[in-house]
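Morning, everyone. I have one protein chain to show you today. Please look at the screen, and we will walk through it together.

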Amino acid sequence: TNTPVPPTETPTNTPLPPTETPTNTPLPPTATATNTPAPAMVSGIVRLQSRSSPGTPGTITLADTAAVFGTVTASFDAGTGAFSAAVQALAGGSTYILTASHDLYLSSQKTLTVFPGGTYAQAVTTLKGGDADNNGVVGIPDLACIGGAFGGPATPCGTGNSDLNGDGVVNIFDLVLAGSDFGLTSPQPWP
């Protein structure tokens, strides 16, 4: 009898496709998107009572009331009184206390709320003079210091001096300046 024989398998050397071997090749860094808001810009002009120009730079401070961003300090120009300062702000707004100060003058202050990317031009403020001793009050000690140096050069008064208007001589203009602002204290309102 002829019985059929089942076919036999013959092994072949057919190549298999290559397998991927994992490697630890570092990839180049990718840029991480950040959501840093643009700063708010605060600007303005500070004048000093009885002076055509400040003569020396004064100080601008912007103090964040929530203490998230801290305090920013800038100067206002000795010739023009102009200033500009960049501050950070939260998307919903941040509140700052803006203060302008200068030796021999009472500071001026206001509160303002700023938003990221905003521009905030402030009204001109004029600092009141007469604080010869720089203690934040125009009072008897200021008048006494100015009166004691009357007709001569500036003399020290605490951390200030008796020549309030900076014209190089202590005269009636300095005395009138202090007298007209007698009793005022720092800070004065910023318009």
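Start with the parts. The protein chain has 2 helices and 11 strands. Here helices are DSSP runs of H or I with at least four residues, strands are DSSP runs of E with at least two, and both are numbered from the N terminus. From that end, the order reads β-β-β-β-β-β-β-β-α-β-β-α-β.

A word on the source. This is a predicted model: local features need pLDDT of at least 70, side-chain atom pairs count only at pLDDT 80 or more, and totals for chains, interfaces and linings use all residues. Residues are numbered from 1 along each chain as its sequence is written, and side-chain values use heavy atoms, with hydrogens and water left out.

Now the whole chain. Of its 191 residues, 34% count as buried, meaning under 20% relative accessible area with a 1.4 Å probe, protein chains only. Next, contacts, which are heavy atoms within 4.5 Å. Take those between residues at least 6 apart in sequence: 62% join residues at least 24 apart.

On to the sheet. Which strands form it, and in what order? It is an open sheet of 5 strands, ordered β3-β2-β5-β6-β11, with mixed pairing. Two strands pair if DSSP finds at least two bridges between them. The edge strands are β3 (71-76) and β11 (188-189), and each pairs on one side only.

Look at β5, residues 94-101. Its pairing with β6, residues 108-114, is antiparallel, over 7 bridges. Ser94 has Val114 in β6 as its bridge partner. Thr99 stands opposite Gln109 in β6. The hairpin of β5 and β6 has 6 residues between the strands, and there Leu104 takes a positive phi near 75°. β5 also pairs with β2, residues 58-64, again antiparallel, over 6 bridges. There, Ala63 has Ile97 in β5 as its bridge partner.

Last, the helices. How do the axes of α1 and α2 cross? The axes of α1 (residues 140-148) and α2 (residues 172-180) come within 10 Å and cross at roughly 170°. So α1 is roughly antiparallel to α2, a label for angles over 145 degrees. Axes are lines fitted to C-alpha atoms over the stretch in contact, and angles run from 0 to 180 degrees between N-to-C directions.

Which residues of α1 and α2 meet? From α1 come Leu143, Ile146 and Gly147; from α2 come Asp174, Leu175, Ala178 and Gly179. By class, this contact has 4 nonpolar, 2 polar and 1 charged residues.

Key
Buried < 20%, exposed > 50% of the residue type's maximum accessible area, 1.4 Å probe, protein only. Parallel < 35°, antiparallel > 145°, perpendicular 65-115°, else oblique. Nonpolar A, V, L, I, M, F, W, Y, C, P; charged D, E, K, R; others polar.
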